[in-house]
Amino acid sequence: MEIVPSERFPNRDLNGLLAFLGYVREVAATKGCPQLASISLAVKHIDPLAVLESIYEPGELHLYLEQPQADEAVAGAEAVFSETFAGAERFARARDWLAGLWDNTIAIGDLDRPHSGPRAFAAFTFGADASEEDAAFAPATVFIPRWQVGRRHGVSTAVANVPVTADAPIELLAQKVLAAHAKFSVFDYSALPTEEAAPPAVFKKHDIGGADWFPAAVGQALADIRAGLYRKIVLARAVDLEAGRAFNPLETLNAFRESYPSCFAFSFSDGRARSFIGATPERLAQAVGGRLVTGALAGSAPRGLSAREDARLGAELLACDKDQREHRHVAEAIARRLRALGLGPECAAQPRLFKLPNVQHLLTPIEAALPESVSLLDAVGELHPTPAVGGVPREDAVPHIGRIENFTRGLYAGTLGWLDWRGEGDFVVAIRSALVEGNRARLYAGVGIVEGSDPAREQAETDLKLRAMLDTLR
Ligand SMILES: C=C(O[C@H]1C=CC=C(C(=O)O)[C@@H]1O)C(=O)O
């Protein structure tokens with residue numbers, strides 16, 4: 001990516017922008033291919049979710065990701081470049097496509113700030129192949145948004161990304177960029193609706209496969225484990241809802257981030273009015289400051305009503321052989337996968353408790369130094385699916401998920417996030433999630449099954465996870 005020093009076009013007005021875009025147009029003509037012009041601007045405090053609400057168009061791709069506890073949020077909408085990929089090589093193909101794109105990108109502006117410069121947003125479904133039911137989302141979708149806003153630790157940045165061809169109407173482009181930057185600089189939240197959204201009134205609720213299906217599926221997995229087909233598998237339930245009015249995904253996301261501040265609230269739209277939303281506790285991989293940050297999250301218990309009961313449930317979880325085994329499978333697999341990439345994983349010796357409002361998990365933080373030769377998408381492709389959503393051994397267990405489950409996962413338990421031109425980025429595991437379209441929603445919840453799992457307890461764990469989403473849907 002070429003960075004144009006601001007001193008070359010010092011005037012932050014129409015003339016300065018026209019001069020910059022004129023230069024980009026010259027490069028497009030010389031190289032014989034369109035260039036991406038990226039203009040970053042420092043802005044006052046911004047709320048990416050509220051911005052997304054104001055620019056939301058059902059016919060446009062968008063991605064939103066926020067971890068309130070870390071004061072980190074980003075949103076991008078309207079693809080100016082996008083591509084889809086399928087198959088096992090989709091992560092590598094997405095990486096190569098992006099490398100080609102950054103080679104044809106020219107950036108200017110406040111590029112020393114967090115969330116500055118162009119970035120790609122991406123979502124990868126659980127499975128690698130396209131199927132009819134998966135049609136909402138391709139196995140891999142990568143896009144560069146026209147508008148992108150981000151905030152980290154109180155520092156906010158807005159970015160406009162513009163494709164520039166050799167005959168681009170730069171006057172028009174410049175006016176649009178200036179108008180957008182003016183809007184984001186002093187974002188007018190008063191223009192947004194203020195009434196608090198109530199949960200939709202009428203629910204039709206349908207457990208796919210019926211109420212008895214999930215315990216029977218767990219029984220099937222336990223029989224497979226006893227027969228030696230695999231050692232761990234993660235099975236999920238899907239529940240369809242129908243409401244008396246359309247769901248409001250953006251209001252739901254606001255409720256998610258308020259209720260689950262340590263989770264990652266996310267939304268990815270297919271550009272055809274379908275949104276995949278959720279609040280996941282699980283990060284798949286983050287690249288930051290030359291480090292790869294990941295972790296194993298598996299093994300669950302309910303929260304207690306009193307401090308004493310909560311501590312007892314937590315202590316039982318830490319001491320439970322079944323949950324420790326379920327967890328160890330994930331931690332060991334992640335460490336093994338990172339070593340396969342030539343990285344040196346540093347893992348905590350013992351898992352600790354990670355408490356959400358409705359459930360507590362075992363968590364082992366894992367980090368590694370990330371050399372420039374390994375891209376974040378290499379790590380994401382190697383790690384996905386971890387045994388927190390797939391199984392052990394991966395090659396043996398994962399094919400059985402499609403055989404036992406009675407729905408197509410699509411983006412559920414897939415991964416989505418962003419990556420920038422510096423190679424930094426963040427990807428989460430898309431669990432605790434729902435696919436929302438009009439007045440219909442499909443909710444997903446899964447659990448890990450190992451020898452010793454009890455079908456009734458696993459059903460109760462999925463109930464707990466589903467309840468959290470049911471209570472938060474708006
Ligand atoms: C697959 C899910 O959770 C995983 C992540 C954390 C703990 C899990 C468990 O204890 O079973 C699951 O492996 C889900 O919530 O849909």
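## Ligand contacts

A polar backbone atom of glycine 448 lies 2.9 Å from an oxygen atom of the ligand. The protein covers 100% of the 390 Å² of accessible area that the ligand has on its own. Accessible areas come from the Shrake-Rupley method with a 1.4 Å probe; for residues, only the protein chains shown count as cover. Glycine 446 places a backbone N or O atom 2.7 Å from an oxygen atom of the ligand. Tyrosine 412 uses its side chain: an N or O atom there is 2.6 Å from a ligand oxygen atom.

This is a predicted model: local features need pLDDT of at least 70, side-chain atom pairs count only at pLDDT 80 or more, and totals for chains, interfaces and linings use all residues. Residues are numbered from 1 along each chain as its sequence is written, and side-chain values use heavy atoms, with hydrogens and water left out.

## Shell and cavity

The ligand has 18 residues around it. A residue is near a molecule if one of its heavy atoms lies within 4 Å of it. Ser300, Ala388, Tyr412, Arg432 and Gly446 come nearest. By class, the shell has eight nonpolar, five polar and five charged residues. Here Ala, Val, Leu, Ile, Met, Phe, Trp, Tyr, Cys and Pro count as nonpolar, Asp, Glu, Lys and Arg as charged, and the others, Gly among them, as polar.

Strand S14 (291-302), strand S22 (440-450) and helix H11 (455-472) each supply at least two shell residues. Helices (H or I, at least four residues) and strands (E, at least two) are DSSP runs, numbered from the N terminus. The ligand sits in the largest cavity. A cavity is a set of points, on a 1 Å grid over the protein atoms alone, where a 1.4 Å probe fits but cannot get out. A molecule sits in one if more than half of its atoms lie within 2 Å of its grid points.

Aspartate 310 belongs to helix H7 (residues 307-319). It is buried, at a relative accessible area of 9%. Buried means under 20% relative accessible area, exposed over 50%, partly exposed in between (1.4 Å probe, protein chains only). The side chain of aspartate 310 makes a polar contact with that of glutamine 360 (3.3 Å). Such a contact is a pair of N or O atoms within 3.5 Å; within protein, one must be able to donate a hydrogen and the other to accept it, and residues adjacent in sequence count only if both atoms are side-chain atoms.

Aspartate 207 is in strand S9 (residues 203-207). It counts as buried at 17% relative accessibility. Its side chain has a polar contact of 2.7 Å with the side chain of arginine 237.

Six of the eight residues of helix H9 (residues 376-383) are buried, so the rest of the structure largely encloses it. Among them are Leu376, Asp378 and Leu383.

Proline 385 lies in the loop between H9 and strand S18 (391-392). The peptide bond from histidine 384 to proline 385 is cis, with omega near -10 degrees. Another cis bond joins valine 392 and proline 393, with omega about -15 degrees.

## Positive phi

Most residues other than glycine have a negative phi, and most peptide bonds are trans. Alanine 413 has a positive phi near 65 degrees. It is buried, at 0% relative accessibility. Glutamate 78, in strand S4 (residues 72-85), has phi near 70 degrees. Glutamate 78 is partly exposed at 23%.

Terms used: 1 Å grid on protein atoms, 1.4 Å probe; cavity = no way out; pocket = protein on both sides within 12 Å on 5 of 7 lines; lining within 4 Å.
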